[in-house]
Amino acid sequence: MRNCRKLSYTDKIKWRIRILWMVLAAMLVYMVAVGELGGGDSRIMTGLAKQFSSFVFFGGLGYVSYRIIRNKKLLKNRMLLKEQLRMEQDERNQYLHDKSGGTVVDILLLSLLFITVTAALFNMAAFYTAITILGLTVALKAAAYFFFSRR
């Protein structure tokens with residue numbers, strides 16, 4: 001972890017881009033693997049499960065692609081890079097993120113998204129359980145963020 005702190009902000013952005021490319025590749029591999037495994041029986045999938053899995057997967061692809069493009073723009077424009085650094089180092093934003101669960105809840109949300117999308121393809125009972133837990137987690141994070149932002 002100490003080595004990360006010694007990196008310049010430009011190097012951190014370059015590492016983010018590399019990680020985002022890996023995430024994009026992993027998402028595509030996941031899509032192919034699930035498709036090859038007989039990924040989900042459309043006869044047992046409910047409309048909500050179909051819509052949710054499509055929205056999360058293709059929305060995720062779009063979001064990761066957007067972040068790659070945005071980070072590449074930051075590297076080309078020093079003013080944008082400085083503004084982004086200032087926003088990331090803002091103490092109030094860091095405080096709100098930490099009080100609303102921080103990195104642990106962020107990882108939990110990503111894990112729940114993966115579990116929910118996978119469950120939507122194979123088991124409706126597991127899907128509804130996972131989407132309920134995901135919704136509850138999102139609601140709790142949003143409520144904590146809202147509560148602490150008003151203080």
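Contact here means heavy atoms within 4.5 Å. The model is predicted, with local features requiring pLDDT of at least 70 and side-chain atom pairs pLDDT 80 or more, while totals for chains, interfaces and linings use all residues. Residues are numbered from 1 along each chain as its sequence is written, and side-chain values use heavy atoms, without hydrogens and water.

**View A. Surroundings of valine 64.** Leaving aside residues up to four places away in sequence, valine 64 touches Leu20, Val23, Leu24 and Met27.

**View B. The nonpolar cores.** A nonpolar core is a set of buried Ala, Val, Leu, Ile, Met, Phe, Trp, Tyr and Cys residues joined through side-chain atoms within 4.5 Å; buried means under 20% relative accessible area (1.4 Å probe, protein chains only). The largest such core has 24 residues, and Tyr30, Ala49, Phe52, Val64 and Phe127 have the most contacts inside it. At least two residues of this core come from each of H2, H3, H6 and helix H7 (124–149); helices are DSSP runs (H or I, at least four residues) numbered from the N terminus. Tyr9, Ile17, Leu74 and Leu81 are among the 5 residues of a second, separate core.

**View C. Leucine 134.** This residue is found in helix H7. Leucine 134 counts as buried because its relative accessibility is 8%. Not counting residues up to four places away in sequence, leucine 134 touches Phe52, Leu109, Leu112, Leu113 and Thr116. Its C-alpha atom is separated by 9.4 Å from that of serine 111, 23 residues apart along the chain.

Note on methods:
Buried < 20%, exposed > 50% of the residue type's maximum accessible area, 1.4 Å probe, protein only.
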